[in-house]
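Hi,

Here's the structure I said I'd pass on. Have a look at it first, then read on for what turned up.

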Amino acid sequence: MNDKEKLFSYYKYALQMLETEINILMDEFVLKHGYNPVEHIKSRIKSEDSIKKKLKSKGYSYTASNIKKNIHDVVGIRIVVSFLSDVYDIVSILRNSQDLIIVCQQDYIKEPKDTGYISYNINVLIPVYLDGKTKYIEGEIQVRTIAMDFWASLEHQMHYKQFENNDMPEIVGELTKCAENIYNTDVRMQELREDIVYLTNL
Ligand code: 0O2
């Protein structure tokens, strides 16, 4: 097995570990809160093509050591939830995990990216038990609402990475406006949900 094959086998095990850990944490959430906020969970190992492109954009060649040092989301999992408050509930559960080590977090809900991208992204170290030793492999968890996921998926398909932002300023501006509308809808749906809970408990 060469270095890259070995590294990708670690990524595969790390993804399995992360999926298991997240499923357990979500089960605990259901037991504690009495409802399941998760719409769906999607996981993936980043494609070699995508890794090559990302390395190239950062000025690195495609080697195992460059992947390990510079690509932080080869292992990726996305948790899509119903409401804004669910995002923060899930984030707090992830923060309390005994197994995952949080490396950094980006709250793109509080501070959306210039593109309009909204999501809560967390980079973690995932323990993988191999040959009697624990290795820590990096992974990225994205937590977002259905509305944020709708925007990010379509924008990813149509625009993200396809063009430089200054290629098509009107389209970029319109996409950013759509993201703002989507965020406002998320906020309104959260308020309506709270009103319903309040009124049904009177
Ligand atoms: P893909 O194809 O989804 O895997 P870093 O290398 O850590 O400095 P990185 O990893 O680009 O920078 O961090 P960032 O900017 O937080 O982005 C992490 C991931 O969030 C991206 O991974 C995308 O999945 C998503 N993302 C970030 N910005 C945007 C955006 O403007 N639009 C959409 N649709 N998604 C975004 P990848 O590897 O770039 O892409």
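Thr-176 has a relative accessible area of 17%, and since the cut-off for buried is under 20%, it counts as buried. Bear in mind that this is a predicted model. You'll find Thr-176 in helix α6, which covers residues 169–200. A polar atom of its side chain sits 2.8 Å from the backbone oxygen of Val-172. So what does Thr-176 touch, once you leave aside its neighbours within four places in sequence? That would be Asp-114, Thr-115 and Gly-116.

Helix α6 also meets another helix, α4 (residues 84–95). The two axes come within 8 Å and cross at roughly 90°. Angles from 65 to 115 degrees count as roughly perpendicular, so that is the label for α4 and α6. On the α4 side, the contact is made by Leu-84, Ser-85 and Asp-86. On the α6 side, Tyr-183, Asp-186, Val-187, Gln-190 and Arg-193 take part. Sort the residues of this contact by class and you get 3 nonpolar, 2 polar and 3 charged.

Now the cysteines. A disulfide is a covalent bond between the sulfur atoms of two cysteines. How many disulfides does a search of the whole structure find? The count is 0. Cys-104 has a relative accessible area of 31%, so it is partly exposed. Cys-178 is partly exposed too, with a value of 38%.

Cheers

Notes
Residues are numbered from 1 along each chain as its sequence is written. This is a predicted model: local features need pLDDT of at least 70, side-chain atom pairs count only at pLDDT 80 or more; totals for chains, interfaces and linings use all residues. Side-chain values use heavy atoms; hydrogens and water are left out. Helices (H or I, at least four residues) and strands (E, at least two) are DSSP runs, numbered from the N terminus. Buried means under 20% relative accessible area, exposed over 50%, partly exposed in between (1.4 Å probe, protein chains only). A polar contact is a pair of N or O atoms within 3.5 Å; within protein, one must be able to donate a hydrogen and the other to accept it, and residues adjacent in sequence count only if both atoms are side-chain atoms. Contact means heavy atoms within 4.5 Å. Axes are lines fitted to C-alpha atoms, for helices over the stretch in contact, and angles run from 0 to 180 degrees between N-to-C directions. Angles under 35 degrees count as roughly parallel, over 145 as roughly antiparallel, 65 to 115 as roughly perpendicular and the rest as oblique. Ala, Val, Leu, Ile, Met, Phe, Trp, Tyr, Cys and Pro count as nonpolar, Asp, Glu, Lys and Arg as charged, and the others, Gly among them, as polar. A disulfide is a pair of cysteine sulfur atoms within 2.5 Å.
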